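Have the structure open and follow along.

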Amino acid sequence: PVSGSSAWRLPVQVDHQSRYRDVTADLRRLAAEYEAAAPAEPARRAHLTDPELYRALYAFDEFPGCVDWAPADEPRVRWALHHLRPWHDVLDVGCSKGVVTHHLARRTGGRVVGLDLSPAALADAARHWVGLPITWIEGWAEALPFPDGSFDLVLLQEILEHVGDPAVCVATSSAPVSSVQ
């Protein structure tokens, strides 16, 4: 943490020129650096490791029924679309209301799954993105309900700061990936 602040900064250096770099190793390294820089404080992180407390906290929706819009040129959307191929099966972990997921469904002919812990967010997503071939699944990011090799691309956007153990989340999320593209 920055002195006197609760803000977290992870120095991320991504080699965009390297086509075959090991993304999983990068994510594991970042998760380990995050944990080393921010030792778990039981009171501060209790909601991240207790499923019932976590569900209660993230069940609150400041804008029920509303869905944010992420334009296709937003950096996180551009990154995801750049790595997506027309045949890819994709899992968006921590998809919330599908603000990135819907872009994926419009770009690939493969299977698109949005996974989130909040049934309310998933219900809003299903109502808003009706007509798109997206499967919405309620699930825990640290215990994905998919066999190894189920997806070509797994996205962990806006999720690692919301889990109790980012390293476990990354390790769990890399298992369903059939190969690193």
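Start at Thr 101, which, setting aside neighbours within four places in sequence, is in contact (heavy atoms within 4.5 Å) with Asp 92, Cys 95, Val 112, Gly 114, Ile 134 and Trp 136. A quick word on what you're looking at: this is a predicted model, where local features need pLDDT of at least 70, side-chain atom pairs count only at pLDDT 80 or more, and totals for chains, interfaces and linings use all residues. Residues are numbered from 1 along each chain as its sequence is written, and side-chain values use heavy atoms, with hydrogens and water left out.

Thr 101 sits in helix α5, residues 101-107; helices here are DSSP runs of H or I with at least four residues, strands are E runs of at least two, and both are numbered from the N terminus. Thr 101 is buried, at a relative accessible area of 0%. Buried means under 20% relative accessible area, exposed over 50%, and partly exposed in between (1.4 Å probe, protein chains only).

Now look at helix α4, residues 75-83, where Val 77, Ala 80, Leu 81 and His 83 are buried. Seen down the axis, the buried residues of α4 fall within an arc of 165 degrees, so they line one face of the helix; that arc is taken from the directions from the helix axis to the C-beta atoms. Turned away from that buried side, you'll find the exposed residues Pro 75 and His 82. And what do the buried residues of α4 pack against? They pack against α5 and β4 (153-155).
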